[in-house]
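Trainee: I'd like to learn how to read a few features in a model. Could you walk me through them?

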Amino acid sequence: MGDIRLHEEPPPVPGPGESVVRVTAVGLCGSDLHWYGEGGIGDAVLDGPLVVGHEIAGVIEGGPRHGQRVAVDPAIPCGGCAVCETGYGNLCPDVRFAGHGKLDGGLRERMTWPSELLHPLPDTLSDADGAMLEPLGVAVHTVDLGHVRLGAPVAVIGCGPIGLLVVQLARLTGASTVVAVDPLPHRRAAALRSGADHALAPEDAEPGFWAELEGMGVRTAFEVAGTDDAVRIALTAARPGGRVVLAGIPDEDRTAFPASLARRKGLTIALVRRMNLTYPRAIRLVESGKVDVSSLVTERFPLSRVADAFPAAVSRGGLKVLVEPSRT
């Protein structure tokens with residue numbers, strides 16, 4: 001594991017309905033780190049080299065949209081199955097996803113991609129902003145599943161980039177109080193800058209704190225860390241009849257929690273699968289200034305130093321690590 005290599009490939013040739021994209025920015029996601037550190041995600045295991053990277057921005061080269069800056073939607077649903085036809089392309093059993101399985105992702109200078117999945121970037125958004133639209137889309141989908149009620153308290157357990165975006169969105173959707181939980185001090189500080197009212201270390205997020213929060217706990221708790229401890233904290237934070245949204249990806253493809261804690265509260269538990277048709281909304285949120293994604297990018301590397309970018313992301317010393325293939 002941890003084997004990152006650069007190599008030369010022939011220029012990509014677009015097929016029907018595709019465009020060539022010169023890649024300008026790629027964010028490293030937690031799922032990329034699973035490929036890097038474990039050689040798989042859940043039951044998907046590497047059986048050969050894979051170009052990872054699904055948080056992608058670039059510029060179209062050739063064709064009628066030549067020169068247009070775009071964000072790349074990394075998911076290609078089949079479009080014809082019963083799941084797709086009901087509007088849940090993110091749950092398509094035959095979806096293909098950039099940097100997953102056998103479909104190469106964005107950590108390269110150029111790639112081909114379906115033209116309909118290339119979303120134009122407004123001039124006010126940078127290339128880095130364009131790459132950050134993918135994690136923002138996941139955060140938007142996560143908050144959608146949380147059914148956040150106007151004037152109700154929420155908790156966000158895990159303050160990596162997606163968790164911090166959930167903090168911003170929870171505040172935007174009218175949560176009365178936003179409580180963030182993370183073991184790393186610099187991420188707790190980032191949560192406060194993102195709009196959280198409280199930022200707690202896990203050891204401080206115990207039942208007594210939540211009992212004092214409006215008497216019952218939060219109406220929605222978002223788990224965005226991928227650990228059993230984070231799930232337990234989310235269940236503890238939720239009030240009876242509340243909702244818990246699990247967005248984190250566990251290392252061993254297993255999640256365990258005290259069943260009695262969830263059952264006695266009658267909690268509703270929802271799980272996040274990527275995003276669903278959120279790019280236009282994400283673009284509008286950033287363009288309008290309602291959501292800040294640029295401050296989450298803390299480290300940048302050229303493609304020639306991609307082998308240094310992954311350990312930097314694993315160390316969690318910052319927030320979002322970005323690779324810029326067009327940078328020398």
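**Pocket, salt bridges and strands**

Mentor: Keep in mind that this is a predicted model. Let's start with a pocket: α1 (30–38), β8 (110–114) and α10 (306–315) each give at least two residues to the lining of the second largest pocket. The largest share, three residues, is from α1.

Trainee: What is the volume of the second largest pocket, and how do its lining residues divide?

Mentor: Its volume is about 1100 Å³. The lining splits into 19 nonpolar, seven polar and 10 charged residues. Of the 36 lining residues, Arg5, Leu6, His7, Val51 and Leu107 lie nearest the centre.

Trainee: Now the salt bridges. How many does a search of the whole structure find?

Mentor: The general idea is that side chains of opposite charge can pair when their charged atoms come close. Here the search finds 12 salt bridges. In one of them, the side chains of Asp197 and Arg171 meet at 2.3 Å, N to O. Asp197 sits in the loop between α5 (185–193) and β12 (198–200) and Arg171 in helix α4, so the pair ties together parts 26 residues apart in sequence.

Trainee: And where do Arg232 and Asp229 lie?

Mentor: Both are in helix α7 (residues 228–237), three residues apart, which is about one helical turn.

Trainee: Last one: which strands pair with β5?

Mentor: Strand β4 (residues 55–61) joins β5 through four bridges, running antiparallel, with Gly58 opposite Val70. Strand β9 (residues 118–120) also pairs with β5 in the antiparallel sense, over three bridges, and there Ala71 stands opposite His119.

Terms used
Residues are numbered from 1 along each chain as its sequence is written. This is a predicted model: local features need pLDDT of at least 70, side-chain atom pairs count only at pLDDT 80 or more; totals for chains, interfaces and linings use all residues. Side-chain values use heavy atoms; hydrogens and water are left out. Two strands pair if DSSP finds at least two bridges between them. On a 1 Å grid over the protein atoms alone, a cavity is a set of points where a 1.4 Å probe fits but cannot get out, and a pocket is an open set with protein on both sides within 12 Å along at least five of seven lines; lining residues have an atom within 4 Å of a point. Grid points are joined across faces, edges and corners, and a volume is the space filled by probe spheres set on the points. Ala, Val, Leu, Ile, Met, Phe, Trp, Tyr, Cys and Pro count as nonpolar, Asp, Glu, Lys and Arg as charged, and the others, Gly among them, as polar. A salt bridge is a side-chain nitrogen of Lys or Arg within 4 Å of a carboxyl oxygen of Asp or Glu.
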